[in-house]
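Reader: I am new to this structure. Please show me how to read its features, one at a time.

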Amino acid sequence: MNVADTELVMGILKNKGYEVTDNIKAANVILLNTCSIRENAEQRIYGRLGNLKKIKDRKPETVIGILGCMAERLRKDLIEDKKIVDLVVGPDEYRRLPEFIDSAFSGEKGIGVKLSRTETYDDIIPYREEGLSAWISVMRGCDKFCTYCVVPFTRGRERSRSLESIKKEMVILSEKGFREVTLLGQNVNSYLDGGNDFADLLAACAEVDRSIRIRFTTSHPQDLSEKLLYTIAEHQNICKYIHLPVQSGSDRILELMNRTYTIEHYLDIINKARAIIKGVSFSTDIISGFPSETYEDHIMTLDVMQKVKYDGAYMFKYSPREGTKAFRMEDDVTEETKSKRLNEIIDLQQTISYELNQNLIGTEEIALVEGFSKKSDEFLAGRTDTNKVVIFPASDDINTGDYVKVKINRATSATLFGDLLEVVLPYKVLTTI
Ligand code: 5AD
Ligand code: SF4
């Protein structure tokens, strides 16, 4: 999400004649895009600010700005007290950034941290480096108010971009040769533009260019519709991969988290998806050590992981966020217990990923070639629909951006290895269903 927002900011600044540099010493303006989702994301920013202070001391005319979710929280501290930064701009005020920068050049400090109910930056084309994969932000904000989460406060109310402008962006990406697009939103399933819901948007994007593979994230279990499942099943260029955060395996904890579903309902969705979409797989987010979580609750989380067998998981220790409802609950699971439980969750996920990958030995997988493998130029690396890395011997007639069919002959918990069978042209892969 923040990479997408950074591209948006670069788009806004490019329109005003600014150029991007990767030489920090040459920069006249340095902007840091921040995230508040968990404690350690915030800690990292404090580290970076220390470095920026040195640059500012050496070259005081450099304009330094903080963007994103930490803006509201940091404005007093950074502008008034520590005097490190010249501007602080929150996620809904990026249009005013050029104006703030102009004022900062003449010595004025700028603060823009208001949230908006309508801003979607619909008309702004993000600045993207050339490449294979791109993000399109399709909505902003979140109305779910999970009790641990700061997003509804830092990014404001849910609002969707227009389907037409998203389709236009798809066309631009297609013309530029992108081969993979991820549609982004905190809760994409509540996307709504007039009569068009997220399933309509997904279908419209998939139809723009059949050789572009479409991914989307994140789905909330409450809003994932059957129509969406059928849409995924019907379009071969929509990845059969759903990121469906479960957060906890305990109904009691889910209720305290205000997640608005039970595990029974969650597993129902998983089963329905498996019945409708052949070969679908799932990834998830899990939080360990939410207030009052008992050992039994934790076991229920391990249990749901066993039942679903996720392809991948993002796993976190609970960290209290100021302003949220859970912040007022007692953070009563000790750090040690949180870590212990998190490690058990990570270990189990690794075992599951290993098992799932072992089951793929002997099967044929289609992957989008991303380039040479990290370890050797004699091997190429691609990624499957389900986001797994596949390594296979390089060959002169295979290029980055090709879809290839690979027969898997070995696997670890993180990577598949195989032999190249053939290059599959997009029209062959993607038009038959
Ligand atoms: N503590 C730990 N994890 C959190 N997440 C969101 N807020 C918190 C928090 N306060 C996790 C959730 C969410 C993901 C993006 O970040 O699992 O799905
Ligand atoms: Fe946060 Fe919940 Fe919204 Fe996700 S759905 S962004 S966890 S409030």
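Author: Start with surface patches. A patch is made of residues with over 30% relative accessible area and no salt bridge; like charges are joined within 9 Å, and nonpolar side chains (Val, Leu, Ile, Met, Phe, Trp, Tyr) within 5 Å. Accessible areas come from the Shrake-Rupley method with a 1.4 Å probe, and for residues only the protein chains shown count as cover. Asp and Glu count as negative, Lys and Arg as positive, while His and the chain ends are not counted. The place of a charge is NZ of Lys, CZ of Arg, CG of Asp or CD of Glu.

Author: One caution: this is a predicted model, in which local features need pLDDT of at least 70, side-chain atom pairs count only at pLDDT 80 or more, and totals for chains, interfaces and linings use all residues. Residues are numbered from 1 along each chain as its sequence is written, chains are lettered from A and ligands numbered from 1 in the order in which they are written, and side-chain values use heavy atoms, without hydrogens and water.

Reader: Which residues gather in a patch of negative charge on the surface?

Author: Asp 251, Glu 255, Glu 264 and Asp 268. Helices (H or I, at least four residues) and strands (E, at least two) are DSSP runs, numbered from the N terminus. Two helices, α9 (251-256) and α10 (263-276), each give two or more residues to the negative patch. Glu 255, for one, lies in α9.

Reader: How many salt bridges are there?

Author: A salt bridge puts a side-chain nitrogen of Lys or Arg within 4 Å of a carboxyl oxygen of Asp or Glu. By this rule there are 36. Take Glu 39 and Arg 321: their closest N and O atoms are 3.4 Å apart. This pair links distant parts of the chain, 282 residues apart. Glu 39 sits in helix α2 (residues 39-58), Arg 321 in the loop between β14 (312-317) and α12 (335-359).

Reader: In what order do the strands of the 4-stranded open sheet run?

Author: Two strands pair if DSSP finds at least two bridges between them. The order is β1-β2-β3-β4, with parallel pairing. β1 (29-34) and β4 (110-112) each have a single partner strand, so one side of each lacks a neighbour in the sheet. β1 and β2 (residues 63-68) are joined by 6 bridges. One bridge pairs Thr 34 with Gly 68 in β2.

Reader: What about the backbone?

Author: Most residues other than glycine have a negative phi, and most peptide bonds are trans. The bond from Thr 217 to Thr 218 is cis, with omega near 5°. Thr 218 belongs to the loop between β11 and α8 (226-234). Asn 258 is not a glycine, yet has a positive phi of about 60°. Asn 258 lies in the loop between α9 and α10.
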